[in-house]
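Work through the exercises below with the sequence and the structure side by side. Each task is followed by a solution that goes step by step.

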Amino acid sequence: MKWKFKQHSVLPGFGLTLGVTLTYLGLIVLLPLSLLVWNTSSLSWSDFLKAVSSAQVVASYKLTFGAAFLAAVVNAVFGFIAAWTLTRYKFPGKKLLDAIVDMPFAMPTSVSGIALTTIYASNGWVGSWFNQAGIKIAYTPIGVFIALTFIGLPFVVRTLQPSLEDLDKEIEEAAESLGATKWQTFWRVILPSVLPALATGFTLAFARALGEYGSVVFISGNLPMKTEITAFLIVTKLEQFDYAGATAISVVMLGASFVLMLIINMTQWYARRGKK
Amino acid sequence: MTTNRSKRFRERSVPLLLIFITTAFLALFLLMPLAAIFVEAFRKGAQAYFASFNDRYAMSAIRLTLLTAAIAVPMNVVFGVTAAWCIAKFEFPGKNVLITLIDLPFAISPVIAGLIFVLAFGRQTMLGEWMIEHDIKIIFAVPGIVLATIFVTFPFVARELIPLMQEQGTIEEEAAVSLGAGGWDIFWKVTLPNIKWGLLYSVILCNARAMGEFGAVSVVSGHIRGETNTIPLHVETLYAEYSYVAAFSVASLLAFLGLVTLVAKTALEWKTKRKKEGKSISG
């Protein structure tokens with residue numbers, strides 16, 4: 001109880017609220033999670049390696065990481081344009097567009113999943129157009145990419161918006177009065193100051209896409225070696241009661257999200273230090 | 001002259017182009033899936049739409065989802081408010097670690113969230129064996145679904161309230177203490193009125209996520225029709241059976257809930273913005 005002395009607040013309830021928070025956190029989150037780690041440690045190293053590096057699993061990593069990365073890149077570009085447009089310009093329908101950005105976050109993933117599949121199937125609203133050009137979207141890796149783009153968009157836009165709002169317009173005006181073109185102002189003044197937010201949004205979208213399940217499994221079709229995402233393989237292993245295999249793959253995915261969370265925290269720390 | 005005019009044309013055309021790209025991108029990626037849900041649900045008319053709910057399995061899925069949310073949401077609201085009070089009103093070492101830990105379920109794949117409960121209570125563990133002997137079912141039963149839902153929706157209330165309560169500081173509460181108010185009185189009469197709209201939105205969001213959770217629940221439920229199928233799982237079952245109208249009709253319930261969440265968020269932003277502007281005028 002050493003830290004109680006450091007607490008200068010006169011408000012009551014510190015011990016109670018901290019105790020309840022830690023107990024609940026421990027029971028609901030930390031205890032079950034530690035079981036995952038404990039289960040992995042009971043696996044032998046060679047079994048672990050075999051489980052996480054079989055051809056089917058490696059194919060799923062390639063698809064999941066590849067599609068998630070591409071989706072995050074597309075979201076970084078179009079999310080930036082959308083965030084910029086929504087903070088800087090006034091136009092009819094803007095409030096509706098701004099509100100709808102959160103839709104992938106508020107909509108249950110299975111609902112998004114069947115809606116996307118219907119649109120991008122070869123007889124769907126968008127899918128039929130591409131089908132005429134000989135391109136199939138649903139039940140191919142492109143479908144996985146589409147679903148992951150959908151799910152990641154709000155993260156980029158919502159991370160960028162506050163930092164674009166905070167931009168000091170005077171600095172832009174100063175750059176222009178010194179003879180910089182709009183393009184130069186954008187590359188040399190605006191982009192560097194929102195880069196930490198853009199990087200954070202990109203990483204959040206990427207991390208979310210890596211673990212996504214519901215919105216992907218319908219549109220992907222889950223063809224072995226071709227359109228199986230890693231989250232789907234974990235479910236398949238569980239359905240076959242291969243708990244060791246499912247646990248091993250989960251640990252790899254958890255490791256990936258842990259690294260991404262670390263990157264986000266470091267980016268924010270770096271940005272805060274830069275401001276000082 | 002011409003260069004000047006072309007420059008002005010360019011200055012005007014860039015915003016127009018960006019507005020066009022944004023509208024097209026958001027319409028294609030966000031509005032179209034939303035529209036598709038309701039178009040597909042009503043494809044065979046209103047009668048077929050309502051007939052989808054007049055079904056034993058649909059009703060049992062709705063009941064189970066309501067039950068799950070009725071347990072998970074209040075628990076996470078109590079936890080969220082408690083955690084936010086602790087983090088926003090006090091300074092203590094390790095606070096950032098605590099915030100990161102609260103965010104953890106948000107960073108974990110829903111499938112892995114389900115897996116950890118299978119590992120904890122599945123029949124391969126000692127605890128699992130003991131439970132089979134004593135006829136207690138958690139996995140492939142309702143308790144597992146509730147646990148997985150609590151885990152997945154765990155951060156939402158706290159995440160929403162922590163920044164809000166940090167922004168408001170502790171001055172009003174400290175004034176109440178100096179006037180002799182106790183902890184409960186301070187919370188109900190000072191803090192709660194200040195956070196009520198943020199709290200309301202976080203409850204709506206937490207509820208929408210609890211009712212719509214798919215991945216984690218799918219892993220622990222076992223998909224027993226009429227017993228452990230929640231609404232999102234029932235949608236999946238119907239879709240896999242090619243009963244598209246029924247699948248989209250049931251899905252439209254959840255889509256509607258999602259829309260309510262969006263409206264609540266917009267209303268909250270509108271309200272706080274107006275409040276801030278009001279403050280800046282009076283101050």
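Helices (H or I, at least four residues) and strands (E, at least two) are DSSP runs, numbered from the N terminus. The model is predicted, and local features need pLDDT of at least 70, side-chain atom pairs count only at pLDDT 80 or more, and totals for chains, interfaces and linings use all residues. Residues are numbered from 1 along each chain as its sequence is written, chains are lettered from A and ligands numbered from 1 in the order in which they are written, and side-chain values use heavy atoms, with hydrogens and water left out.

**Exercise 1.** Find where A:Met225 and B:His223 lie, and decide how exposed each of them is.

*Solution.* Begin with A:Met225, which sits in the loop between α11 (214–220) and α12 (230–239) of chain A. A:Met225 is not a glycine, yet its phi is positive, at about 70 degrees. Its relative accessible area is 48%, so it is partly exposed (buried means under 20% relative accessible area, exposed over 50%, partly exposed in between, with a 1.4 Å probe and protein chains only).
B:His223 has a positive phi of about 50 degrees, although it is not a glycine, and with 28% relative accessibility it counts as partly exposed.

**Exercise 2.** Describe the largest cavity by its volume and its lining.

*Solution.* On a 1 Å grid over the protein atoms alone, a cavity is a set of points where a 1.4 Å probe fits but cannot get out, a pocket is an open set with protein on both sides within 12 Å along at least five of seven lines, and lining residues have an atom within 4 Å of a point. Grid points are joined across faces, edges and corners, and a volume is the space filled by probe spheres set on the points.
The structure holds 3 cavities of 30 Å³ or more, and the largest cavity has about 70 Å³ of space. Its lining includes A:Ala207, A:Met253 and B:Ile108, while α10 and α13 (243–275) of chain A are the elements that give two or more residues to it.

**Exercise 3.** Which helix gives the most to the lining of the second largest pocket?

*Solution.* The second largest pocket, with about 1100 Å³ of space, is lined by 28 residues, and A:Trp84 and B:Val14 are among those nearest its centre. The helix that gives the most to this lining is α10(A), with 9 residues.
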